[in-house]
Amino acid sequence: MKKRNGFCLLLLLGCLLLSFTACAEEEPSKQADKPGASSSSQPQGAHTHVWQDATCDTPRICGECGAEEGAALGHTFVRGVCSVCGEVDYSTLSPSEGLEFELNAEATAYHVVGIGTCTDIDIVIPDVHNGLPVIAIGEGAFDNCDEITSVFLPVSITHLATRGFYSCNLLSTVVLSNGLTAIGENAFAQCRSLQSVTIPEGVTHIEQNAFYNCYSMQNVTVPTTLQYIGVNAFGGCDQLKEVYISDLTAWCQITFEDNPLYDAEALYLNGSVLTDIVIPDGVTTVVDRVFCGYEGLQSIVIHDNVTAIGASAFQACHNLKHITIGAGVTVIGEQAFENCSAFEQLTIPANVTDMADNAFANCYALQDLEIYGDLTTVGEGVFAGCTGLTDVYLDAGITVLGQEMFKMCTSLRSIAIPGTVSELGYGVFWSCKELTEIVIPSSVEKIGDKAFQSCKKLENIYCEAESKPEKWDNGWHSECPAVIRWQDAWQYVDGKPALK
């Protein structure tokens, strides 16, 4: 009986061994069919595939080694346009007939100047008319053409004039010419059904109001060639969710009079959403409004080669939690970080000499502030309305605390003014309701009106001056309950002011 049991045990072990060997020898092709799987037959050091999704034109591709798997998805064309990637199948499109044309002054090309007798709802602009190229959409050519639903511009079109497709209420699809260099004022303004637009490479200017009040606009693709976005170019595009770019350096060099990010939820760089941004090395100036209103931004690193941060560069980035300002920055522009209501700590580096109006105004979550260096030009309300600010460190070297600099910093408990400061501006500490005492050093030659107005808990103002200097405004401590202590009434004890 024991021998029989031993034989059965040996037989069971043999079966298990054969099963293990069969699993180990599974065909490499079957192993490869499993995304990210590694085969025992792979060379030592082989990596796990990191698959990128298939597109209309390409199969799944490993982002690490370039290996391909499966097949491309293929296009899904709807009225000549792929509903997935936006590619146009021109073989299915026939040029619209009955459009109105006008010969240019040189008699070398035609402009489309009106819809004429055309009844198409899908407008396909021809590239040739009467043997000459069609190069432009004239001013107001399709103004208020409510029937058209799509527009296709051939590569021959280089100019799209003012109000070219103004208030085409049913226009939902636009395919722009690859030869286009500019989009004119109000070109697609009030096109309330337009949901998406891809600005082709080659376009350098989008003029003011170009897509104004395109209420249904959800995404826009911006080319690397773009240099200028005009005032309200995307104003009123309240449903805009996504902006797509392929080059962050190119984006950082656009002149923004308006920025589609103000309404957008996400900025995509080559398909990946940007939340943590490092300014590219080739950028030396952070231009005005470059990320203005971008809700998706959570952190920004500005490297040491940057010398200036432009006006409204990060204004109203409500989810911005971390800010690193490089050592090379000398200028922080007007409203640069105004209404950034999520970050709690800020360090202004030593080389900053100029902070413009409202640079950090209404940054409600800011609690700890350190300012280094030789600030000589300070605009109005730089930190006004930072209601969470409790602690401020001012390094020796700063010379001016500007007008309303800390106005409505209602949680500010104390601040030491360094002996390099020569001027306190109008309303500098207006409504700093938690301040209880402050020392004004002898270096301060000028104080503006209402410097301490409505500082309701301020009990003592210790002045190193013997009496009021000539340039201190007569109302410098108006509506403030504090007792003014001149030099002969107090002294320093262990570094703190105390009455004699």
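This is a predicted model: local features need pLDDT of at least 70, side-chain atom pairs count only at pLDDT 80 or more; totals for chains, interfaces and linings use all residues.

**Overall picture and selected residues**

Student: What share of the residues counts as buried?
Tutor: Of 500 residues in the protein chain, 45% count as buried.

Student: Contacts next. What fraction joins residues at least 24 apart?
Tutor: Take the contacts between residues at least 6 apart in sequence. Of those, 34% join residues at least 24 apart.

Student: Changing topic. How many cavities of 30 Å³ or more turn up?
Tutor: One, from a search of the whole structure. The volume of this largest cavity is about 50 Å³.

Student: Which residues line the largest cavity?
Tutor: The lining is V222, P223, T224, L226, I245, S246, D247, A250, W251 and I254.

Student: How does that lining divide into nonpolar, polar and charged?
Tutor: Seven residues are nonpolar, two are polar and one is charged.

Student: On to charges. How many salt bridges does the structure hold?
Tutor: Five. Side chains of opposite charge can pair when their charged atoms come close.

Student: Start with D143. What is its partner in a salt bridge?
Tutor: D143 pairs with R163, and their closest N and O atoms are 2.8 Å apart. D143 sits in the loop between β10 and β11, and R163 in the loop between β12 and β13, so the pair ties together parts that are 20 residues apart in sequence.

Student: How accessible is D391, and how accessible is R413?
Tutor: D391 is partly exposed, with a relative accessible area of 33%. R413 is partly exposed at 46% relative accessibility.

Student: What does K457 pair with?
Tutor: K457 forms a salt bridge with E434, and the closest N and O atoms are 3.2 Å apart. The loop between β38 and β39 holds K457, and the loop between β36 and β37 holds E434, so the pair ties together parts that are 23 residues apart in sequence. K457 is partly exposed at 42% relative accessibility. E434 is partly exposed too, with a relative accessible area of 31%.

Student: Strand β39, then. Where is N460, and is it buried or exposed?
Tutor: N460 is in strand β39. N460 is buried, with a relative accessible area of 12%.

Student: What is N460 in contact with, leaving aside neighbours within four places in sequence?
Tutor: T436, E437, I438, A482, V483 and R485.

Student: Where does S443 sit?
Tutor: S443 is in the loop between β37 and β38. S443 is buried, with a relative accessible area of 19%.

Student: Which residues does S443 touch, not counting those up to four places away in sequence?
Tutor: P418, G419, T420, V421 and S422. S443 and A465 are 22 residues apart in sequence, and their C-alpha atoms are 8.7 Å apart in space.

Student: Last topic, backbone angles. What is phi of R289?
Tutor: Phi of R289 is positive, about 65°, although R289 is not a glycine. R289 is in the loop between β24 and β25. Its relative accessible area is 26%, so R289 is partly exposed.

Student: And what about phi of N339?
Tutor: Phi of N339 is near 60°, a positive value in a residue other than glycine. N339 is found in the loop between β28 and β29. N339 is partly exposed, with a relative accessible area of 22%.

Methods: Residues are numbered from 1 along each chain as its sequence is written. Side-chain values use heavy atoms; hydrogens and water are left out. Buried means under 20% relative accessible area, exposed over 50%, partly exposed in between (1.4 Å probe, protein chains only). Contact means heavy atoms within 4.5 Å. On a 1 Å grid over the protein atoms alone, a cavity is a set of points where a 1.4 Å probe fits but cannot get out, and a pocket is an open set with protein on both sides within 12 Å along at least five of seven lines; lining residues have an atom within 4 Å of a point. Grid points are joined across faces, edges and corners, and a volume is the space filled by probe spheres set on the points. Ala, Val, Leu, Ile, Met, Phe, Trp, Tyr, Cys and Pro count as nonpolar, Asp, Glu, Lys and Arg as charged, and the others, Gly among them, as polar. A salt bridge is a side-chain nitrogen of Lys or Arg within 4 Å of a carboxyl oxygen of Asp or Glu. Helices (H or I, at least four residues) and strands (E, at least two) are DSSP runs, numbered from the N terminus.
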